[in-house]
Amino acid sequence: MSLVDSVFNPPSARPDITRAVCRGAARHLRERGYAIVKEMTFANGRRGDIVALSPSGELLVIEVKSGLQDYRVDGKWPDYRDYCDGFLFAVAPEFPHEILPDDVGLIVADAYGGALIREAPRHALAPARRKALTIAFAKLAAGRLALAEDPGF
């Protein structure tokens, strides 16, 4: 992890819960027709836990929270709004939903799947930013696929 990543995107204190919620949220989004990538870094140095591309080209950023403490110490999530059409939190079933702001979407997930509790309010990206983010999404996904197919390259 680079110094920038460690400062802007500290590791989760509860990695098992984070991994389970991320997996379930990703499964839920794929069931809804979204293509997803995990850990996508934006121009502002922030890294989205999950970025989802809808069939119509909308981009969602999903921030995974492993628990109440993880949420309370994280003040960076508003920085994602400039990089998506909609922002959501993904949390475990035992997470207290009522503390989350009303102006974000919500997915509740475990390791096996998830449920959309609240749609993300939409705020359309500017066309130039949408194009740049969609290209970055495609390059990240293609690069990871190429690495999986030919790890020695």
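Modeller: This is a predicted model. Let us begin with a definition: a residue is buried under 20% relative accessible area, exposed over 50%, and partly exposed in between.

Biologist: Why is Glu39 called partly exposed?

Modeller: Glu39 has a relative accessible area of 35%. Glu39 lies in strand β1, residues 35-41. The phi angle of Glu39 is near 60°, a positive value in a residue other than glycine.

Biologist: How do you know that β5 and β6 pair?

Modeller: Pairing requires at least two bridges between two strands. Strand β5 (residues 105-110) and strand β6 (residues 113-118) have five bridges, in the antiparallel sense, so the two strands count as paired. Val108 stands opposite Ala115 in β6, and a hairpin of two residues joins β5 to β6.

Biologist: What makes a set of residues the largest nonpolar core, and which residues have the most contacts inside it?

Modeller: Such a core consists of buried nonpolar residues joined through side-chain atoms within 4.5 Å. The largest has 23 residues, and Phe42, Val51, Phe87 and Phe89 have the most contacts inside it. At least two residues of this core come from each of β1, β2 (47-53), β3 (59-65), β4 (86-91), β5 and α4 (127-149). Strand β4 supplies the largest share, three residues.

Biologist: Which residues does Phe89 touch?

Modeller: Leaving aside residues up to four places away in sequence, Phe89 touches several residues, including Ile62, Tyr71, Trp77, Leu100 and Ile107. A second, separate core of 18 residues includes Ile107, together with Ala25, Leu29 and Ala109.

Note on methods:
Residues numbered from 1 in each chain as written. Predicted model: local features only at pLDDT ≥ 70, side-chain atom pairs only at ≥ 80, totals over all residues. Heavy atoms only, no water. Helix = DSSP H or I, 4+ residues; strand = E, 2+ residues; numbered from the N terminus. Buried < 20%, exposed > 50% of the residue type's maximum accessible area, 1.4 Å probe, protein only. Contact = heavy atoms within 4.5 Å.
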